[in-house]
Amino acid sequence: MYWVAGPSEILAITGWGIADISLAKKKWVWPGQKFIRVDISPVNYTFQVQAMSAEKLPFILPAVFTIGPRVDSDEALLKFAKLISPHDKESSHVVELVQGVIEGETRVLAASMTMEEIFKGTKEFKKEVFDKVQLELDQFGLHIYNANVKQLVDVPGHEYFSYLGQKTQMEAANQARIDVSEAKMKGEIGSKQREGQTTQNAAKIDAETKIIATKRQGEGKKEEVRVKTEVQIFENQRAAEVAEANAELAKKKAGWAQLSQLAEVESAKAVALREAELQRVVEQKNALTQTEKLKAEHLSKASVDYEIKVQEANWELYKKQKEAEAVLFKQQKEAEAKKATADAAFYTQQRVADGALYAKQKEAEGIASIAEAQGLYLKCLLKEVNGNYAALRDFMMINNGVFQEIAKINAEAVKGLQPKISVWSGANGGGESGAVGGMNGVAGVYSMLPPLFQTVHEQTGMQPPAWLGTLPSSSQSVSN
């Protein structure tokens, strides 16, 4: 349903689709949502705050505060809707809340000031109370629109202001008596002063009158001399202007006469000059007529010759163009024939390449099919041997003839070999003395060298160094 708030109201909506509270003047309220109308008009709160000054003197401060929500701040309206709007603004809950804030701040401020400071500085005291109360009300979203602090009132039993008023009245009565006496004294003295001042002022006025009359006479004579001087200066200026005008007139008359004579001379010369120009034009026209006549004769002849030569040149150009067109046509046809031949060759090569590509593709597909079949075959064999890879390997080697091929390769490797066997022997007697037995080891080492050198020579062709010994030239075995 669509709801609209009044001029001094606002809608506070909660529920489905709203995280906290939504404030609006008009809005659709959907099922699962709730709303209330929040009155945002200010309310007057009247209090009589009882406080005590720094001198421990109690007093009553009557005050009227106009308080309402701050309408220019969304955050303040949200606080007011949450904290204050569930209660009536004139209910005891809200009144006690506001009164507690005002009394607390007023008492704290009054305790830091004397009674004289509070009484004389009512404006500053009101401003301090206003600022401190407003600071506390901000947390509830409230704003003080107006604050009226009345005169301080005595607490029953503490007549400070009554005594202060009586004191002021007595001081005023005594001051009145003093003022009456001073007024009488001032009146008598003033009358005498007035008489003396009257005589002095009369003499002063007479003297000033004579001075003013003398000044006026001198100013009159001075003004008369000034006027006469200005008249004489004006007459002299007028005479000078007349003389200057006469001289200017004579000058202009001379100039006009000169211009008139020059105009007459220029007119005569212009007539003669015009006659000469007309004569020249006539002669030019005659010469031009003769020239045009000769030009026409020569031009007609030249035109005929030109037409003949142009026709001949056009004929030659036409012949050459036709010859060039024939050559160009022939070359174009030859180029087209070559292009057709090249296209045919290219098409043939392309078809051959396509055929080769198709064959390769089919060959690759065949290899892929064979590989796929072999893979399936190996999977089946591996399954039959229960996953024994060694058995599968041996079977594949037997099936593919690998063992037979290895035996054949080994037979080919030893085929045609002619091994040479050399037998060496050494005869050393046993049961000899210790010295002779010690030399047997050295003799055994030396007896191994000839067969070793012989084998190295047969395998590599290398000879032992000359200082160590030489091998027999024959290939027979040597016995030592």
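**A colleague's note on the sheet and its surroundings**

1. Tyr2 sits in strand β1, which covers residues 2-4; strands (E, at least two residues) and helices (H or I, at least four) are DSSP runs numbered from the N terminus. Please keep in mind that this is a predicted model, in which local features need pLDDT of at least 70, side-chain atom pairs count only at pLDDT 80 or more, and totals for chains, interfaces and linings use all residues. Residues are numbered from 1 along each chain as its sequence is written, and side-chain values use heavy atoms, with hydrogens and water left out.

2. How exposed is Tyr2? Its relative accessible area is 39%, so Tyr2 counts as partly exposed; buried means under 20%, exposed over 50%, and partly exposed in between (1.4 Å probe, protein chains only). Together with Val4, Trp16, Trp28 and Trp30, Tyr2 makes a nonpolar surface patch of about 620 Å². Areas come from the Shrake-Rupley method with a 1.4 Å probe.

3. Next, the sheet. An open, antiparallel sheet is formed by 3 strands in the order β3-β2-β5; strands pair if DSSP finds at least two bridges between them. Because β3 (22-24) and β5 (33-39) are at the edges with a single partner strand each, one side of each has no neighbour in the sheet. On average, neighbouring strands are turned by 25 degrees against each other, direction ignored.

4. Strand β2 (residues 9-15) pairs with β3 over 3 bridges: Ala12 stands opposite Leu23, and Leu11 has Ala24 as its bridge partner. In the hairpin of these two strands, with 6 residues between them, Gly17 takes a positive phi near 85 degrees. On the β5 side, 7 bridges join β2 to β5, and Ile10 stands opposite Val38 there.

5. Helix α1 (residues 74-83) packs on the sheet and touches β2, β3 and β5 (contact: heavy atoms within 4.5 Å). The helix direction makes about 110 degrees with that of β3; axes are lines fitted to C-alpha atoms, for helices over the stretch in contact, and angles run from 0 to 180 degrees between N-to-C directions.

6. Finally, the whole chain: 8 helices and 9 strands, with buried residues making up 15% of its 480 residues. The chain exposes about 37,200 Å², of which carbon and sulfur atoms supply 59%.

Note on methods
Patches are made of residues with over 30% relative accessible area and no salt bridge: like charges are joined within 9 Å, nonpolar side chains (Val, Leu, Ile, Met, Phe, Trp, Tyr) within 5 Å. A salt bridge is a side-chain nitrogen of Lys or Arg within 4 Å of a carboxyl oxygen of Asp or Glu.
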